[in-house]
Each structure stands twice: as C-alpha cells, then as structure tokens.
Amino acid sequence: MSENILIAVAWPYANAEIHVGNLTGSHLPGDIAARYHRLKGNKVLMITGTDSHGTPVTMSADKLGKPVEEVYKSYHEGFIELFQKIGISYDLYTTTHSENHFKVSQTIFLALQKNGFLFKKTEPQWFSPGLNRFLPDRYIEGTCYICGTEGARSDQCDACGNVLDPTKLVSPKSKVEGDTSSPELRDTEHFYIDLSKLEPDVVKYLKDRADHMRDTVLGESLRKVEAEGLKPRAITRDLDWGIPVPVDEAGWDTKKLYVWFEAVIGYLSAPIEWSQVSGNGEAWRDWWTNPNAKQFHFIGKDNIFFHTSLWPAELMGVGSAFMELFAGEEVPLILPYDVPANQFMNLEGKKISGSRSWAVWGRDALTRFDPDAIRYYLTINMPETKDSDWDWAEFVARNNNELVATWGNLANRVLAFCYKNWEGQVPDVDLSTLRPADLELLAAIENGFNTVGAELEAVHLRSAVGEAMKLATVVNQYLDVNAPWSAIKVDKAEAGKTIYTALKAIDSLKIIFAPFLPFTSEKLHGFFNYETPLFGEQYTEEVSDSLGTHTVLRYKPVEGLQWKPSELQPGKKLNQPGPLFKKLEIEVIDVERGRLGK
C-alpha cells in the first residue's frame, strides 16, 4: 500500500558554498531515501530551500559590502546548480525569503500566541556602542562557559554541542568588521515560546519514536530533555533583515522573527508553495494533515536538538490553531516520524573549515569527478553513527576497486560480450532450461530487494549500498565459475544461459543501485533499451511575489517503474554498451591534497 513520505532536508545558510560534509550530512541521504521511496511507489515530496535570513547571511553580506538580498540570491543560484549536477532531486527547492514563507511563519506565531504559549519578556542582549545597535547572537563570540572552548558563538558551542545562554558567554567580542567597541548587555523586549509547558508532550513524542530513532539522536534529544528540561526561548530578535513580527504595537517594527524559529517552519511552508506552483493549493495536506503520512527530517548533528525537541514543541503548541487561522478549519498538523541525523564528515583527519579553505567544495569537485563517484564515496563513508573522514587515497581506491572493478566492469563486460556475440540482443534462451546455479543466483539477487530495501527503510544507507556491492560481487563469482567467455567456444547455448542470467541480475542490480547511483543507473537502463527512464527530470522555474522573484528547483517524476526484480525477456534488443565509470590515476591523490588549504 502506498505511503505519503515527506523528505525534509536541512536548509543551507546562504553564506558559503556547499561542501562534501554538507552533502553527506543531509542532502544526499535525503535524495537516496526519496529516490528509493519513489521506486517503491510511495507518494514522495522532497523539499527544502535556502535559509535566506539569519546572521550568517548578514555577516557574509557585511564582509562583501553588498546588499543581503544580492548575496543570498547568489548563493541560492549556486546551490541549485550544485543540486542539479549531483542529482539531488528536490520536488521543490525554494527560499525562506518568499511571501508564502512569511505568511506561514507569521501564522505559526499567531497560532502559538492564540494558544497561550508566547509571552513577552525584557532581558539583556549584547549591544554594540560603536554601531549603536543590538548584535545578533552569531555576531558575538567568546569562551564557552560549559566546556571552555574559545570562539564559541553566544547562542551555541559547536565544540560541546550545547545551546548557550548568550549572557553567560565568557570574554565576549564583536565579530562585526571595524567594530572595536566592547559589547555590553542592554535590555530589550522580545517574545518567548514557553517550552516548559510543552516539555511533557515532547518527552512522550520522543519516547513513542525511540524504537526507530538513532541512539545518537536520542542522546541529543530525549536524554538531554530529561536531564536539562525545556526552558522558554526567545523567538524574536532586533534585526533589519528577516520576517516581521506580526504585532501591531510601537517598537516592534525594528524586530524580526528569530531564524531558529522561522527556518524550520520551511518544512511546512515549502510543501504549501509546492502545491501553489503545481496548481493544486491543497495537495500539501497529504503530508501535513494526514495522520498516516511519514515525515523524515535529514539534518546534521548540530541541529538535532532543534529538530527533535524545539520544532515538535512548536507544532504541538500550534495544535489545530494553525489550520484554523490559515485555512479556516480545525485540523492538527502531524509530527515528524524520524530524524535520521548524521554526524560530521572531516577531511584528511581535520575538521572541515571554509575559512581555512580546508574543504572539498561540491561544485568544484564536480568539475573533475563524475557525480556518481562522489555520491558513492559519500554514501559508503556516510557518518551515520559517528564522524567519518574524507580521505583522497580512499576515494580513489573505492572508485577503482568497487565502482570500476566490481560493479562497472561487471555490467560492461557482460553487455559488451552479449552485444558482440548475440547480434545486439539478449540470448534467446528457454527459461525452463535454466540450471540450478542460474536460478540460485537470480533468487539471491531477488532477495536483495528485501535486504537492501530493509536497510533503506531504516535509513541505514551506508550498509544498504554495501549490501548492493556485495550482490555485484556474487554475480562476478558466478561468472568466474561459469566462464561464458570460454564456454561459448564449446557450447554457445550453455554460454547463453549464463549471459542471460547475468544480464537479468545486472538489470535488477541497476534498480538496487539506482537510489545511490542515479546517473550511471540511468545510463545502464539505456543500454538495456528501455523506453521509460528510471527517474524524472529536474528543472527550474521563476516564482514572483510581493517580495520579488526567486528561482526554484523542481522535479518531474516518472510513473511505472518499481522496486522489484528484472523481468528481462530473452531476445530483447540491446543498445551499444559502454563504460559506466572512469578509473582514477594514483596521481589524483597528491593533486587533490595539494589543493587543500589554498
């Protein structure tokens, strides 16, 4: 039975290029899951967009001396280019700087206010005397009062992962270029969400999902809430750039919704925008008001607490009030089903750092390497339960030994041998004459749809692609034993049975590999002369509203293909085959390592 699956991916800040750590942290695992569920026949909606507000964006604009909107749009266009080239198949990739997102975020605010979960409070915030304005949390750095690490942001310490009280930061300093004044605390009034009232519901929510959530996720959510509790948090800030607070009172026109509060609302606003641009304004409800729908949130470990505790608390606090205010009916919004957050990927034994140019940038890497080579290494090395490391020597070895030698060579040599010796057709064998070894191999590959599928269902992507590669090894072993290249000289009919069996196995493996390796799987699909493609098309559109025009990335799906074994028929015409992957020379290792830090 078909399920409604929402694949919601972390919104990247518009302040830096996307690197391989970002890709393997959220975008790629989300895409693999989306492609699998589409093949399975589920009704999938994969969404996210550029986090266009927040201090990382304004800080980047300050450094460049350009308007914030110009800077955000520049990064936004680059993100869309990257996702098209590496095949991140968003049904909608949009931006938080849209009229729709403003409206949805403000309605969430009003719904929380209506239900009594918001209150005003005056508290000290860091203020720059030199600039004569309040400074957002990321504009202040100092020493973490919990772990003692220097360079901690005033709202969160990346070293220990704790959300911080900005007023407790030790030795605070302004990060604004040219600001030599010492920041000081001054009182300012803001809205707070009373998370303490929602704590029991959050704990119950997490316990209800504990059987399928990762232990690393529960450690940063359930166990943290049980140990520390949930406390009220500010949801507005003194900012120039962002979403206006929907309050008609003096003094609030200089304040905006806090980015941590409004960015996650994009998981709701993006489906609504997708429905609008698709010409069906109500379709989004299939993933947001249908209690049987499943929402998966793909994020990195630094965002676990926000997505597993604060975001569900927002939704619980909203209750049915959002739909009452937004659509005139009292229906509750559903809660995320799973948050399969990944840990961090390091680079050559060091933490990835854009400021030190210690990174493998996505768009840059794609100028030298094929997308599936990058996708494969990021998946087989995915930091699902602990930090992993991008190592250039391992990248080359995995590409050559696994993609080229194990899988690519298997597909190419069998297809090429068949194309040459059977006039470009699948051997016309009598299926009733297949031998026990042939049937045993096909049964093993058929069972792969269950074993690999189970790993994909559980979002164990690293082991899933590993199981797929093991199946390719099984087919290679079968060929080693039956040796059709030699048998054809003695008995072409017997060799034909081996080639047919291997082709059918490869045709099935093409589907199993497809969520991980969409480009080469599509290419292989073409070699088999199928008319309907494996996957749909990515394309861009321009969306205009009262805030201006923004580009969105969209996806047009195809129907008819399924997550099931090949039904390859004897005698089927094939197309001229060719290599799927490129072997990398050993010199690549030193060349790529030489690029780091420059």
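Strands β1 (residues 4-9) and β2 (residues 43-50) run in the parallel sense and are joined by five bridges. Here, strands count as paired if DSSP finds at least two bridges between them. This is a predicted model, so local features need pLDDT of at least 70 and side-chain atom pairs count only at pLDDT 80 or more, while totals for chains, interfaces and linings use all residues. Residues are numbered from 1 along each chain as its sequence is written, and side-chain values use heavy atoms, with hydrogens and water left out. Helices (H or I, at least four residues) and strands (E, at least two) are DSSP runs, numbered from the N terminus.

- Is β1 enclosed or open? Six of the six residues of β1 are buried, so the strand is largely enclosed by the rest of the structure.
- "Buried" means under 20% relative accessible area, "exposed" means over 50%, and "partly exposed" is in between (1.4 Å probe, protein chains only).
- In a regular strand, side chains alternate between the two faces of the sheet.
- For β1, both faces are covered: N4, L6 and A8 are buried on one side, and I5, I7 and V9 are buried on the other.

**A34 in helix α1**

- A34 belongs to helix α1 (residues 20-39).
- With 0% relative accessibility, A34 counts as buried.
- Which residues does A34 touch? Leaving aside neighbours within four places in sequence, A34 is in contact with I7, V44 and M46.
- "Contact" means heavy atoms within 4.5 Å.
- A34 and W241 are 207 residues apart along the chain, and their C-alpha atoms are separated by 33 Å.

**Helices α2 and α3**

- Helix α2 (residues 55-64) packs on helix α3 (residues 68-86) at an angle of about 105 degrees, with the axes 9 Å apart.
- That angle makes α2 roughly perpendicular to α3.
- Axes are lines fitted to C-alpha atoms, for helices over the stretch in contact, and angles run from 0 to 180 degrees between N-to-C directions.
- Angles under 35 degrees count as roughly parallel, over 145 as roughly antiparallel, 65 to 115 as roughly perpendicular, and the rest as oblique.
- On the α2 side, V57, T58, S60, A61 and L64 meet V68, V71, Y72 and Y75 of α3.
- Sorted by class, the contact of α2 with α3 has seven nonpolar, two polar and no charged residues.
- For these classes, Ala, Val, Leu, Ile, Met, Phe, Trp, Tyr, Cys and Pro count as nonpolar, Asp, Glu, Lys and Arg as charged, and the others, Gly among them, as polar.
- Seven of the 10 residues of α2 are buried, so α2 is largely enclosed by the rest of the structure.
- The buried ones in α2 are T55, P56, V57, T58, M59, S60 and A61, and the buried residues of α2 pack against α3.
- Just after α2 comes G65, with a positive phi of about 70 degrees.

**Helices α4 and α9**

- Helix α4 (residues 99-114) and helix α9 (residues 266-277) have axes that come within 9 Å and cross at roughly 135 degrees.
- α4 and α9 are therefore oblique to each other.
- From α4, residues N100, H101, V104 and I108 meet G266, L268, S269, I272, E273 and Q276 of α9.
- By class, the α4 and α9 contact has four nonpolar, five polar and one charged residues.

**Two open sheets**

- Strands β4 (residues 118-128) and β9 (residues 184-193) run antiparallel and are joined by 10 bridges; W126 has L185 in β9 as its bridge partner.
- Another open sheet has three strands in the order β7-β6-β8, again with antiparallel pairing.
- Here the edge strands are β7 (150-153) and β8 (170-174), each pairing on one side only.
- Three bridges link strand β6 (residues 140-143) to β8, and E141 stands opposite K173 in β8.

**R285 in helix α10**

- R285 lies in helix α10 (residues 285-288).
- R285 is buried, with a relative accessible area of 18%.
- Not counting residues up to four places away in sequence, R285 touches N290, M323, A327 and E329.
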